[in-house]
Amino acid sequence: MTLYNEETISQAIHTEWAGKTVHFAKETDSTNSWIRRLAKEGAEHGTLAVAEFQSAGRGRFDRKWEAPQGSSVMMTLLLRPEFAPQYASMLTLVMGLSVARAIEKLDFKVSIKWPNDVVISRKKICGILTEMGTKGNRIDYVLIGVGINVNLREFPEEMQDKATSLMLESGREFDRSQIIGLVMEQFEENYEKFIRTCDFTWLMEDYERILANMGQPVRVLDGDKSFEGISRGINKKGELLVERKNGTISEVCAGEVSVRGLYSYV
């Protein structure tokens, strides 16, 4: 197995600030909780926490998230943005795009299931969880947690039609430090574009190029307000544009709802 520690990860990162300080642990509760503690101790913008194992990893909607040793990238990036809190939720999509672009560089055909599920062969390989802390009406920190299925060889039966790994898709193992380096590089570039306008003006074309259900029928799951329509891309705020049967366009906000392909997960 390729070495995977603070040193190998730091050596793989060639950025100005994203991941310039790396903290590594064999085990932690969750990288989001760990980096929140570091943030409160004054850790700087771009600090990265990486763990081999999380005892209390979480996904979206508080789902438990766990992976065997040696199989996954589990990391959280700390940001100290200058912009107003209402823009922070879009950073989840910025990271989703960055992971997708990084995986593309390893010669995979990748797409994004809006808002941030990175998908290969119509199955998910990455989960992202963003959290924010404020001081008064300003952002104190934003934490973006990322879990990437890298060298996983199998999934529980109930997950096999929804999840995959880079190894299962290619038949070979990958150096996880290299993957972290690629993600940090892509994120730094995309974040710099994002903060120019605090929206997707400079990222929309890139995002829509790999949007999984572009022009496809989707179901927006929102309790008794669920509906079906055709995905028409995103707007500058990163909201999904869904054309309803009567021709009107609904702007769907991430975080509030789930979107599924009409006949499958994607």
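This is a predicted model: local features need pLDDT of at least 70, side-chain atom pairs count only at pLDDT 80 or more; totals for chains, interfaces and linings use all residues.

Q: Let us start with the seven strands. In what order do they lie in their sheet?
A: The seven strands form an open sheet in the order E1-E2-E3-E7-E6-E5-E4, and the pairing is mixed.

Q: Which strands stand at the edges there?
A: Strand E1 (22–28) and strand E4 (111–113) stand at the edges. Each has a single partner strand, so one side of each lacks a neighbour in the sheet.

Q: How far are neighbouring strands of this sheet turned against each other on average?
A: The average is 20°, with direction ignored.

Q: And how does E1 pair with E2?
A: E1 and strand E2 (residues 48–54) run parallel and are joined by six bridges. Within this pair, His23 stands opposite Ala49 in E2.

Q: What about Lys135, where does it sit?
A: Lys135 lies in strand E6, which covers residues 123–135.

Q: Is Lys135 buried or exposed?
A: Lys135 has a relative accessible area of 58%. The cut-off for exposed is over 50%, so Lys135 counts as exposed.

Q: How far is Lys135 from Val119?
A: Their C-alpha atoms are separated by 36 Å, and the two residues are 16 apart along the chain.

Q: Now the other sheet. What is the order of its five strands?
A: The order is E11-E10-E9-E8-E12, in an open sheet with antiparallel pairing. Strand E11 (249–252) and strand E12 (258–261) are at the edges; each pairs with a single strand, so one side of each is without a neighbour in the sheet. From one strand to the next, the twist averages 45°.

Q: Which strands does E8 pair with?
A: Strand E8 (residues 217–221) is joined to E12 by four bridges, and these two run antiparallel. E8 also pairs with strand E9 (residues 227–234), again in the antiparallel sense and over four bridges.

Q: Which residues stand opposite Val218?
A: In E12, the residue opposite Val218 is Gly261. In E9, Val218 stands opposite Gly229.

Q: And the bridge partner of Leu221 in E12?
A: That partner is Ser258.

Q: Where do the side chains of E8 point?
A: In a regular strand, side chains alternate between the two faces of the sheet. Along E8, Val218 and Val220 point to one face and are buried.

Q: What lies between E8 and E9?
A: The two strands form a hairpin with five residues between them. Gly223 in the turn has a positive phi of about 55°.

Q: Which residues other than glycine have a positive phi?
A: Most residues other than glycine have a negative phi. Ser121 has a positive phi of about 50° although it is not a glycine. Cys198 is another residue other than glycine with a positive phi, near 55°.

Q: Where are those two in the chain?
A: Ser121 is in the loop between E5 and E6. Cys198 is in the loop between H5 and helix H6 (204–209).

Q: Are they buried or exposed?
A: Ser121 has 48% relative accessibility and counts as partly exposed. Cys198, at 13%, counts as buried.

Q: Where is there a cis peptide bond?
A: A cis peptide bond joins Trp114 and Pro115, with omega about 5°. Pro115 lies in the loop between E4 and strand E5 (117–120).

Q: Last topic, the helices. How do H3 and H5 pack?
A: Helix H3 (residues 91–104) and helix H5 (residues 176–197) pack at an angle of about 135°, and their axes are 8 Å apart. That angle makes H3 oblique to H5. Their crossing is right-handed.

Q: Which residues meet there?
A: Residues of H3 in the contact include Leu91, Val94, Met95 and Leu97. Among the residues of H5 that they meet as a group are Ile179, Leu182, Val183 and Phe187.

Q: How many of the contact residues are nonpolar, polar or charged?
A: The contact of H3 with H5 has 13 nonpolar residues, three polar and one charged.

Conventions
Residues are numbered from 1 along each chain as its sequence is written. Side-chain values use heavy atoms; hydrogens and water are left out. Axes are lines fitted to C-alpha atoms, for helices over the stretch in contact, and angles run from 0 to 180 degrees between N-to-C directions. Angles under 35 degrees count as roughly parallel, over 145 as roughly antiparallel, 65 to 115 as roughly perpendicular and the rest as oblique. A crossing is left-handed if the near helix is turned anticlockwise from the far one by less than a right angle, and right-handed if clockwise. Contact means heavy atoms within 4.5 Å. Ala, Val, Leu, Ile, Met, Phe, Trp, Tyr, Cys and Pro count as nonpolar, Asp, Glu, Lys and Arg as charged, and the others, Gly among them, as polar. Two strands pair if DSSP finds at least two bridges between them. Buried means under 20% relative accessible area, exposed over 50%, partly exposed in between (1.4 Å probe, protein chains only).
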